Amino acid sequence: MLQAALKSGTAHRRSVFELFPRRLPEGRRYGVVAGVGRALDALERFRFDAADLAVLADVVDEPTLAWLADFRFTGDVWGYAEGEAYFPYSPLLVVEASFAEAVLLETLFLSIYNHDSAIASAASRMTLVAGDRPCIEMGSRRTHEEAAVACARAAYIAGFATSSNLAARSRYGVPTAGTSAHSFTLLHDSEEEAFRAQVASLGTGTTLLVDTYDVAEAVRVGVEVAGTGLGAVRLDSGDLGVLAHEVRAELDALGATGTRILVTSDLDEFAIAGLAAAPVDGYGVGTQLVTGSGHPTCGFVYKLVAREDDAGTMVAVAKRSKDKISIGGRKYALRRRDAAGTAEAEVIGIGEAPVDDGDDRSLLVPLVEGGRVVGREPLDAARARHSAALAELPVAVQQMSRGEAVIPTLHVGG
């Protein structure tokens with residue numbers, strides 16, 4: 001496309017691309033925007049060096065190679081801030097630049113947004129049903145090594161307390177925590193020996209894995225070794241609800257009333273909700289989180305919605321294919337709220353900003369101006385935004401049952 005546009009003389013035309021979802025994943029009531037910070041970092045690094053150009057030498061012609069060698073994004077980008085909730089047709093990114101510059105960013109933006117938002121959306125549902133009980137991200141061994149770091153970051157934005165991924169701590173400041181594995185217990189001649197080694201090194205506040213052999217016996221030995229100040233025990237198999245009740249009773253009988261119970265083992269939002277009445281103090285989540293709990297992508301698309309014509313006038317353009325339509329014209333967005341601050345609708349203005357009736361909240365913020373990143377922010381700001389965005393949605397957002405978007409999307413103008 002770039003080569004053909006350069007040759008035809010249309011590559012320079014001012015264009016507006018938008019990244020948006022046509023729908024939410026089936027059954028979901030809301031989505032969560034994540035990956036904004038990673039996308040901005042990636043945009044700043046997006047260059048074609050000599051090695052890249054050598055690979056492309058038999059793909060595109062010499063004029064295109066020369067253009068790529070000098071590529072620097074010089075356009076403007078607006079978007080939903082990280083941690084924000086989104087709904088069908090929310091314009092999550094609005095990219096305004098020449099066609100040549102903007103079209104190159106399609107895969108870059110879609111790959112980051114589709115992945116990170118899928119993880120954050122799943123994580124949000126998990127933390128929503130977990131309530132005050134912390135969730136630990138433990139999915140690194142269930143996904144690609146680089147995806148694992150992005151997953152930890154996205155999960156933290158959506159309310160997870162910690163991650164077992166130390167690279168996420170190094171790159172993004174995500175708090176980390178973890179527990180021992182069964183291999184550590186099996187390494188030793190007895191469970192008691194393993195527990196004594198762990199406590200001697202890590203202190204009595206550590207978390208002991210108690211389901212390698214017999215759970216009740218392991219709990220007894222753990223308290224004997226660490227004392228009643230044992231930090232926590234972890235259950236990783238069996239009927240977690242039943243076991244949690246049994247272990248709580250045993251810990252209390254042994255005087256370890258402050259010892260917490262952590263559970264792991266293929267948890268998702270439904271399993272977490274099912275454990276709400278159990279004496280569980282925290283959840284370790286892996287496979288279901290890093291696969292989006294059944295929805296590993298958000299289905300975001302990146303479409304041209306306006307471009308300059310031969311006369312220099314911006315005109316709306318749209319795709320009309322069956323079941324895959326786009327809506328032409330540059331978009332603006334606000335969240336309509338009632339006087340109490342509860343969201344009522346996602347209002348998308350076509351060609352002009354929708355009117356704020358006084359209670360509404362504008363959603364698009366500047367991310368890039370003239371090729372310069374202006375929208376970078378601390379990860380904790382996105383985490384706080386996510387919490388605030390969920391708090392303003394109707395109470396139905398808490399339902400895990402399948403349903404439609406918790407608020408409708410309304411298009412105005414155009």
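Two strands are taken to pair if DSSP finds at least two bridges between them; helices (H or I, at least four residues) and strands (E, at least two) are DSSP runs, numbered from the N terminus. The model is predicted, so that local features need pLDDT of at least 70 and side-chain atom pairs count only at pLDDT 80 or more, while totals for chains, interfaces and linings use all residues. Residues are numbered from 1 along each chain as its sequence is written, and side-chain values use heavy atoms, with hydrogens and water left out.

An open sheet is formed by seven strands in the order E13-E12-E1-E5-E3-E17-E18, with antiparallel pairing. Its edge strands, E13 (314–316) and E18 (372–373), each pair on one side only. Within the sheet, strand E1 (residues 14–21) is joined to strand E5 (residues 93–98) over six bridges in the antiparallel sense, and Phe17 stands opposite Val95 in E5.

Helix H6 (residues 106–130) lies across E1, E5, strand E12 (300–308) and E17, and runs at about 140° to E12. Angles run from 0 to 180 degrees between N-to-C directions, and axes are lines fitted to C-alpha atoms, for helices over the stretch in contact; contact means heavy atoms within 4.5 Å.

H6 also packs with helix H7 (residues 145–157) at an angle of about 45°, the axes being 8 Å apart. Contributors to the contact include His115, Asp116 and Ile119 of H6 and Cys151 and Arg153 of H7.
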